Amino acid sequence: MRLVLATGNPHKVQEIEAILSILPLREPVEILPVRPEGEESHPTFLENALEKAREGFRKTGFPTLAEDTGLVVDILDGAPGLFSARFSGTGRSESNIQKLLSLLPGTSWDLRRAHFVCYAVYVDGERELWARGVVHGYLLSEPRGTQGFGYDPIFLYAPLGRTFAEIPLAWKNRWSHRRRAIEHLFQQLGWLHEGRDLP
Ligand code: IMP
């Protein structure tokens, strides 16, 4: 089955292809990336993802998957949240990380709690389905690791004691917000074999 992926982010394409390769799919899914033109200017992640998915379907006529993701920091009232991509105004991950670290008020772990949230949406002209995935962690005061993208180098996944940038993509995909959202979405679509242990 062909599934359009409405994203202009090559990291997301790579991650989602890897996620699909570990899910127990009833039939193979071939990803076709299409860059959306929308501005991600809605007040919720869900609406941003929905707009991208609708645009992908409108342009291609194929079932379309889109997602919108953000990093949510409790002590900063949810920032950078919806503004995760353009938090520093430059669009560069290193600057976004530096700005975020400069705003954190202290070093205690309690003040450094954060989570990634991902909303994944599926649109095929008849159905519009969505699912949410979350992963909790803590923000380090300095980046660590070279893998992943975005805020991964400062996001400490506590059960491993490593950041998402210090572990292989296959590990990130076991626990990530994106994997959880896509898995729940595909469950709703009935695309997964039930009762199988996932890697
Ligand atoms: P968007 O979903 O493309 O709007 O991404 C929002 C921002 O969050 C961008 O700055 C991304 O680099 C960052 N981001 C999205 N997903 C992840 C992730 O899985 N890890 C780290 N940063 C991410």
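How far does a polar side-chain atom of K12 lie from an oxygen atom of the ligand? The distance comes out at 2.6 Å, a polar contact in the sense used here (a pair of N or O atoms within 3.5 Å; within protein, one must be able to donate a hydrogen and the other to accept it, and residues adjacent in sequence count only if both atoms are side-chain atoms). The protein covers 91% of the 480 Å² of accessible area that the ligand has on its own, with areas taken from the Shrake-Rupley method and a 1.4 Å probe.

A word on the model itself. It is predicted, so to speak of local features requires pLDDT of at least 70 and side-chain atom pairs count only at pLDDT 80 or more, while totals for chains, interfaces and linings use all residues. Residues are numbered from 1 along each chain as its sequence is written, and side-chain values use heavy atoms, with hydrogens and water left out.

Helices (H or I, at least four residues) and strands (E, at least two) are DSSP runs, numbered from the N terminus.

The ligand sits in the largest pocket, meaning that more than half of its atoms lie within 2 Å of the pocket's grid points. A pocket here is an open set of points on a 1 Å grid over the protein atoms alone, where a 1.4 Å probe fits, with protein on both sides within 12 Å along at least five of seven lines; lining residues have an atom within 4 Å of a point. Its volume is about 770 Å³, the space filled by probe spheres set on the points, which are joined across faces, edges and corners. Of the 34 lining residues, N9, K12, E40, T69 and A85 lie nearest the centre. Again β3 (64-73) leads, with four residues.
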